[in-house]
Amino acid sequence: MQCEEVREYLADRLAGSLSDRLSGAVHSYVRTHMLSCPECCDEMEHFEEIQTVLRSIPLEPCDSNAMHARFDLLMGAKKTKEPLIPAVRRRPRTRPLKIFLSIVVATAVLAFAVPGVRQVRSWISATREAPPVPSETAKPAVATVRSDKIAPPVVPSEMANVSGRVFLEDGSDISDAPSLGEIAMSPVGSSGSTAATIVKLDANGRFSRSFAAGEYRFRVAVFSQDFVIRSISAGAADLLKENLTVSGDSPIAVEIRVAGRSDIGTGRILGTVVDGVTNAPSQADRVVLCCFASEPAERVSTPVRPDGTFEFIGVPSGQYTAELRGTTNLVVANPALNVTSAGVSGVKLFSASQLVTIDVNLRLDTGDRLPYKPDTSIVFTGTNETFRVVASSIVGSLFRASVPANSTYAVTVSNIAAGYAIQSIVDGRMTDLMNGGLFTAPASTGASARIVITLSRN
Amino acid sequence: MPRNSTDESLMAAVREGASGELETLFERHHPELYEFFFRMTGDRAASENLVQDVFYRILKYRDTFRDEGRFKSWLFRIARNAHHDLFRKHRTVLPSGTEGARKDKAATLRCALLKLPEDRRELVVFSQYHQMTPDEIAELLDIEIPAAKVRVHRAMMDLWDLYRTLSG
C-alpha cells in the first residue's frame, strides 16, 4: 500500500466515512503500512491528537431561556407582520430606544384601558427593576429590549450551568432519539428522590440546566434500552464513581459515552498497571485499548485508579494493544492483550517513560545458523522481580523484547531443543548474562540493544 | 402536524404558510446551530444572535426551500451565509479573545481553530463536531464528494500546523 492510498484512507476517516467503505483487508494493509512508514504514522497520530483535543474544547452553554424568548418574539412579529430586524444587523442607535419606549407607552396605555390592570402594571415596574426570565405576557417587551444586544444569561452568580451530551463509542452524536431518557442530579446529603432535579435528554442526547453551587450525585435516571452506558465524565471526574462539584464560576460539560446494545461484547478486562522499574502504581491517567476489528483507529479507554487497577467491560474478544494516556508520556512494555469471549483478568501492564528494544539472536558456536526454528523462551526479569516480559519470535532465530530503560534485568533462557546446550549469553558490552550477570538497559533515547545466545551441540 | 414529522415536511408546511411549524424546527436544530456558530466564533452572545438570525432568514426566504432538497443542508447553507455576513461586517470584532491562551492543549487548539481561514474552519467544524459525512459536506458546499474529502484533509493539516506553531 502506498502513502497516497493511506492518505486517502486518512481523508476518509477525517471525513467520517471510513466505516462505510473500508474493508477488513484494507484495515490490515493500513496497519502494515503504518508500521513501516513514519510519515504516515506521524500524520495519523497528529490527526488523532487533533481530534482528541477538539473534543475536549468545551462548548459554552447558550442561554436557552433567552433564545426561546427571542424565537417567540420572532414568531409573534411574524404573526403581526412586523418584520423583526435580527440582532446582528447594524441599526441607528436611537431605534431600540424608540421601540422600547413605544412598547412601554403602548403597554401602559393598554394596561390602564382594560380591566385587570394591576397585574400588568406590576409587571411593568418589575421589568424596570430587574428583568426576569420572560413569562408568556412579558416575552415581547423583554425580547425587544434585548434585540440589539443580548444581555448576559440570567444566572445568579452562585449558580453554574451543567450541560452534557450523549455520544457513541466512536464519538458520534445520538440523533433523532426522542425518548432517550433523563438525568437526575441530587445534592449530596439529601435523602429520597424529591431532592433530585430531573432533566430530560433531547432527541440529540443533549441537556442543559443551571444548578446552585454544591456537590451533587449525578446519575442517568432513565435511559433507552437500545444503549448501554460505558462512562460518564466531567473533565477528569468519573461520575460513575465520584460526585459532581458545581462551583459558581464555570460551566460544566458532562459527557455520557454509550454503546449500542448490539455492539456490546461480553469480555471484561481486569488488571493493574504499574511502573516497570519501581512496581508502584503507574502515573498514567487512563489505559487505552486499541484497536477494535471494526476500525483500526477505534479505541476505548478507562481510568487508572489510584492503586493502579483498571477495568474494561463489554470488550469483544480479539487481540488488542494497550496504550497509556496521562500528563506524562508513558508507554507499555507488554502491550499485547488477548481477550477471550469470557474476558481476561489478572492483566499486569508495566509502564515506563522510555523503552529499550532488545534483539536477541540465537546462533551455533560453529557460526552456522540453527538448523531448526527455535521455540525458545527468553524472559527478562527486573531486579525488583515483578517486571517480567517474554521476548517474541520475530523471524528465524531472532527474538525481540522491550524493557524500561535505565534499569537492570536478569535473562532466563529455557526450552532449548534436545541435543543442544547453552554455551554463553552475552550482551553488546560482553557482559556474561549466564552466570548471575545482569543486562543493563541503556537510558538514551531510541536506544536498542543486542544479546547473543550461543548454543553448542551436546 | 405530528411531532415526529420530518424536517422537510415541516419546512414545506412553513413555506405554505404554517409558520407555527417552525417552532418544532427551532426545538430540533437550535442546539446544533448554536454549536456551529460557537465553534466558528468562540463567542456565545454572537452565536445566540446568529441562531436568531438564521430563523429570521428561514422565514424570510422560506420560498427558496425546495422539496427535493434536504432541510439540514439548506439550514446550514443559511447558517454559513449568516456567519459570513456577520464576519464581513464585524471583521475586527470576531473571533474573540483567545489570543495568548496557551494554558493547555484545548485552549491552544481553540485559538488555532479560530485563526484558521473561515472556509477551512467550517470544514473542521462540520466534519469533527457535526460528524457530517463527505456526501453531506459535498451537498452543503455544492462540490464533488472527493473534493470534500480533500478539503477536510487539508483543513485538518492546516489546523495541525497552526496548532504546532501556537504550541511553540
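This is a predicted model: local features need pLDDT of at least 70, side-chain atom pairs count only at pLDDT 80 or more; totals for chains, interfaces and linings use all residues.
Visitor: Where do I begin? How many helices and strands does chain B have?

Guide: Chain B has eight helices and zero strands. Read from the N terminus, its elements run α-α-α-α-α-α-α-α.

Visitor: How are two packed helices described?

Guide: In general, one gives the angle between their axes and the distance between the axes. Here, take α7(B) and α8(B): they pack at an angle of about 100°, and their axes are 8 Å apart. An angle from 65 to 115 degrees counts as roughly perpendicular, so α7(B) and α8(B) are roughly perpendicular to each other.

Visitor: Which residues of α7(B) and α8(B) meet?

Guide: From α7(B) come B:Pro134, B:Asp135, B:Ile137, B:Ala138 and B:Leu141, and they meet B:Ile145, B:Ala148, B:Lys149 and B:Val152 of α8(B). By class, this contact has seven nonpolar residues, two charged ones and no polar ones.

Visitor: And the two chains? How many residues does the contact take from each?

Guide: Chain B gives 46 residues and chain A gives 38. On the chain B side, the helices that each supply at least two residues include α2 (22-41), α4 (71-89) and α8 (145-167). The largest share, twelve residues, is from α3(B). Sorted by class, the side of chain B that touches chain A holds 24 nonpolar, eleven polar and eleven charged residues.

Visitor: What share of chain B counts as buried?

Guide: Of its 168 residues, 45% count as buried. Looking at contacts in chain B with a separation of 6 or more, 61% are between residues 24 or more positions apart.

Notes:
Residues are numbered from 1 along each chain as its sequence is written. Chains are lettered from A and ligands numbered from 1 in the order in which they are written. Two residues are in contact if their C-beta atoms, placed from the backbone, lie within 7 Å. Helices (H or I, at least four residues) and strands (E, at least two) are DSSP runs, numbered from the N terminus. Ala, Val, Leu, Ile, Met, Phe, Trp, Tyr, Cys and Pro count as nonpolar, Asp, Glu, Lys and Arg as charged, and the others, Gly among them, as polar. Axes are lines fitted to C-alpha atoms, for helices over the stretch in contact, and angles run from 0 to 180 degrees between N-to-C directions. Angles under 35 degrees count as roughly parallel, over 145 as roughly antiparallel, 65 to 115 as roughly perpendicular and the rest as oblique. A residue is buried if 20 or more other C-beta atoms lie within 10 Å of its own, exposed if 12 or fewer, and partly exposed in between; C-beta atoms are placed from the backbone.
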